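Morning, everyone. Please have a look at the sequence and the structure first. Then I'll walk you through them.

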Amino acid sequence: MKHVPTDPQSRIEIWEWALDTLALRIDQLGDEGMVYLDLYKRTERELEAELEKADTLKSMRDRLKRRQVKAHQSSTARS
C-alpha cells in the first residue's frame, strides 16, 4: 500500500495533478469523456476541502504565534 501524504501542500498538489489528468482525458475522449465529469466534480470538491483545511491550519498557527508573542511580551514587561 502506498504512503498517503499528510501535509496539506502535498495533498493539494496530488488533487491538482488529478484534476489536470482528468481534464486532459475528458478532452481527449470528447463526448465519451463525459462519463468522467462526475469524478472531475468530486475531485474539485476534494481540492477545495484540502485548500480550506490548509487555510484553517495556517490561521491556527498564526494564532498560536500571536499568543506566544503576547506571552513573551507580558513576561518581559514584568521583569
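Let me start with a term. Buried means under 20% relative accessible area, exposed means over 50%, and partly exposed is in between, with a 1.4 Å probe and protein chains only. At 5% relative accessibility, Glu50 therefore counts as buried.

Two housekeeping sentences. This is a predicted model, so local features need pLDDT of at least 70, side-chain atom pairs count only at pLDDT 80 or more, and totals for chains, interfaces and linings use all residues. Residues are numbered from 1 along each chain as its sequence is written, and side-chain values use heavy atoms, with hydrogens and water left out.

Now the helices. Helices here are DSSP runs of H or I, at least four residues, and strands are runs of E, at least two, numbered from the N terminus. Helix α1 covers 8-29. Helix α2 covers residues 37-78.

Take the length of α2. The expected span of a helix is 1.5 Å times one less than its number of residues. The 42 residues of α2 should span 62 Å, and its end C-alpha atoms are 62 Å apart, which agrees.

What do the buried residues of α2 pack against? They pack against α1. Thr43, Leu47 and Glu50 are buried in α2. I'll take two of these in turn.

First, Thr43. It is buried, with a relative accessible area of 5%. Contact means heavy atoms within 4.5 Å. Setting aside residues up to four places away in sequence, Thr43 touches Trp15, Ala18, Leu19 and Leu22. The Thr43 side chain also reaches back to the backbone oxygen of Leu39, at 2.8 Å. That one is a polar contact, meaning a pair of N or O atoms within 3.5 Å; within protein, one must be able to donate a hydrogen and the other to accept it, and residues adjacent in sequence count only if both atoms are side-chain atoms.

Ala18 sits in helix α1. Its relative accessibility is 17%, so Ala18 counts as buried. From Ala18 to Met34 is 16 residues in sequence and 16 Å in space, C-alpha to C-alpha.

Back to Glu50, in helix α2. Which residues does Glu50 contact, leaving aside neighbours within four places in sequence? They are Pro8, Arg11, Ile12 and Trp15.

That brings in charge. Side chains of opposite charge can pair when their charged atoms come close. The rule for a salt bridge is a side-chain nitrogen of Lys or Arg within 4 Å of a carboxyl oxygen of Asp or Glu. The count comes to five salt bridges. Here are three of them.

Number one is Arg11 with Glu50, the closest N and O atoms being 3.2 Å apart. This pair links distant parts of the chain: Arg11 is in helix α1, Glu50 is in helix α2, and they are 39 residues apart. Arg11 is partly exposed, at 23% relative accessibility. Apart from neighbours within four places in sequence, Arg11 is in contact with Val4, Pro5, Thr6 and Glu50. Arg11 and Glu52 are 41 residues apart in sequence, but 12 Å apart in space, C-alpha to C-alpha.

Number two is Glu50 with Lys53, at 3.6 Å, N to O. Both lie in helix α2, three residues apart, about one turn of the helix. Lys53 is partly exposed, with a relative accessible area of 41%.

Asp62 is partly exposed, with a relative accessible area of 26%. Where salt bridges share partners, Arg11, Glu50 and Lys53 are joined into one network.

Last stop, the surface. Patches are made of residues with over 30% relative accessible area and no salt bridge; like charges are joined within 9 Å, and nonpolar side chains (Val, Leu, Ile, Met, Phe, Trp, Tyr) within 5 Å. Accessible areas come from the Shrake-Rupley method with a 1.4 Å probe, and for residues only the protein chains shown count as cover. Which residues make the nonpolar surface patch of about 280 Å²? Val35, Tyr36 and Leu39 make it. Tyr36 is in the loop between α1 and α2. Its relative accessible area is 31%, so Tyr36 is partly exposed.

That's my tour. Over to you.
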